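Here is a short briefing for a reader new to this structure. Look over the sequence and the model, then work through the points below.

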Amino acid sequence: MDETTQPKEEKQENMQEDTQTQQAEEHKSQHASEKAKWYIIHTYAGHENKVERSLKQRVESMKFTDRVFDIIVPTRNTIKVSQGKKETVKEKIFPGYVLVKMILDDETWIMVRSTPGVTSFIGAGNKPTPISEKEVEAIQKFMKLEEPMYKVQFSVGEAVKITDGPFTEFLGTIESIDEARGKVKVLVSIFGRETPVELDFLQVKKI
């Protein structure tokens, strides 16, 4: 064998080995991910995001990336009306719950359960019960809905004062609430008769 060609051949062999090793690792990771299931963990109220961050850090530091694949705090955009202003906020769909896609074994169970803020796995008895991919897909679709919901601060039958529009300063009672459109229907007394008037959340305030 020509000595000048040997290093080149060895280099090609090494590259092929590296490629095969990488493909084997990717296949192994994909196979492991397919075996993983989604579980729901319960957390202390208000600790959902903290638990998510802590779990991700622990997965990395404990080298559990081949067994824990995804951690989600289900949220969606909500428009909150406060002091006459609209503000888009991230609202938790299921307060106190975090979704984790993982291969459940003794080590991963202990890792999750010992994370500060986690109170338990959701399941029958002491056994964590996985939820279906279909349920998770439905939650993820709900999270991505473009039309934000309004965070309702009013209730039907509540007395309000109109602050904007032709009926400014009139008092009325909320007859119905349209959360999706951010509208309320208010019964206003005009000429001794109660007349329904549709208004934006920003046009009324509590008395």
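Arg181 and Glu198 form a salt bridge, with their closest N and O atoms 3.2 Å apart. Arg181 sits in the loop between strand S11 (171–178) and strand S12 (183–190), and Glu198 sits in strand S13 (residues 193–200), so the pair ties together parts that are 17 residues apart in sequence. The model is a predicted one.

**Salt bridges**

- Arg181 counts as partly exposed, because its relative accessibility is 41%.
- Glu198 is also partly exposed, at 45% relative accessibility.
- Salt bridges with shared partners join Arg67, Asp105 and Glu107 into one network.
- Within that group, the side chains of Arg67 and Glu107 meet in a salt bridge of 2.8 Å, N to O.
- This pair links distant parts of the chain. Arg67 is in the loop between helix H2 (48–61) and strand S2 (68–72). Glu107 is in helix H3 (residues 106–113), and the two residues are 40 residues apart.
- Is Arg67 buried or exposed? Arg67 is buried, because its relative accessible area is 18% and the cut-off for buried is under 20%.
- Glu107 is partly exposed, with a relative accessible area of 46%.
- Another salt bridge joins Lys101 and Glu133, with 3.8 Å between the closest N and O atoms.
- Lys101 belongs to strand S5 (residues 97–102) and Glu133 to helix H4 (residues 133–143), so this pair ties together parts that are 32 residues apart in sequence.
- Lys101 counts as buried at 16% relative accessibility. Glu133 counts as partly exposed at 40%.
- How many salt bridges does a search of the whole structure find? The search finds eleven.

**Helix H2**

- H2 has 14 residues. From its first C-alpha to its last it reaches 20 Å, close to the 20 Å expected at 1.5 Å a residue.
- Which residues of H2 are buried? They are Glu48, Val51, Glu52, Ser54, Leu55 and Val59.
- The cover over these buried residues includes strand S1 (37–43), S2, strand S4 (85–92), S5, H3 and S6.
- Just after H2, Lys63 takes a positive phi of about 55 degrees.

- Phe121 lies in strand S6 (residues 118–121). Phe121 is buried, with a relative accessible area of 12%.
- Beyond its neighbours within four places in sequence, Phe121 has contacts that include Tyr39, Ile40, Ile41, Met102, Leu104 and Trp109. Val112, Arg113 and Pro128 are also among its contacts.
- Phe121 and Thr43 are 78 residues apart along the chain, and 9.1 Å separates their C-alpha atoms.
- Thr75 is in strand S3 (residues 75–82). Thr75 counts as buried, because its relative accessibility is 16%.
- What does Thr75 touch, not counting residues up to four places away in sequence? Thr75 touches Lys90, Glu91, Lys92, Ile93 and Met143.

**Aromatic pairs**

- The count of aromatic pairs comes to four.
- Phe154 and Phe201 make an edge-to-face pair, 5.7 Å centre to centre with 65 degrees between the planes.
- Why does this pair tie together separate parts of the chain? Phe154 is in the loop between strand S9 (149–151) and strand S10 (159–162), while Phe201 is in the loop between S13 and strand S14 (204–206), so the parts joined are 47 residues apart in sequence.
- Phe154 and Phe201 are both buried.
- The ring centres of Phe167 and Phe170 are 5.6 Å apart and their planes lie at 85 degrees, so this pair is edge-to-face.
- Phe167 is partly exposed, with a relative accessible area of 24%. Phe170 is partly exposed too, at 32%.
- Tyr150, Phe154 and Phe201 form one aromatic cluster.

**Nonpolar surface patch**

- Phe94, Tyr97 and Ile122 make a nonpolar surface patch of about 230 Å².
- Tyr97 has its place in strand S5. Tyr97 counts as partly exposed at 30% relative accessibility.

Note on methods:
Residues are numbered from 1 along each chain as its sequence is written. This is a predicted model: local features need pLDDT of at least 70, side-chain atom pairs count only at pLDDT 80 or more; totals for chains, interfaces and linings use all residues. Side-chain values use heavy atoms; hydrogens and water are left out. Helices (H or I, at least four residues) and strands (E, at least two) are DSSP runs, numbered from the N terminus. Buried means under 20% relative accessible area, exposed over 50%, partly exposed in between (1.4 Å probe, protein chains only). Contact means heavy atoms within 4.5 Å. A salt bridge is a side-chain nitrogen of Lys or Arg within 4 Å of a carboxyl oxygen of Asp or Glu. Patches are made of residues with over 30% relative accessible area and no salt bridge: like charges are joined within 9 Å, nonpolar side chains (Val, Leu, Ile, Met, Phe, Trp, Tyr) within 5 Å. Accessible areas come from the Shrake-Rupley method with a 1.4 Å probe; for residues, only the protein chains shown count as cover. The expected span of a helix is 1.5 Å times one less than its number of residues. Rings of Phe, Tyr and Trp (its six-membered ring) pair if their centres lie within 6.5 Å; planes under 30 degrees apart count as stacked, over 60 as edge-to-face and the rest as tilted.
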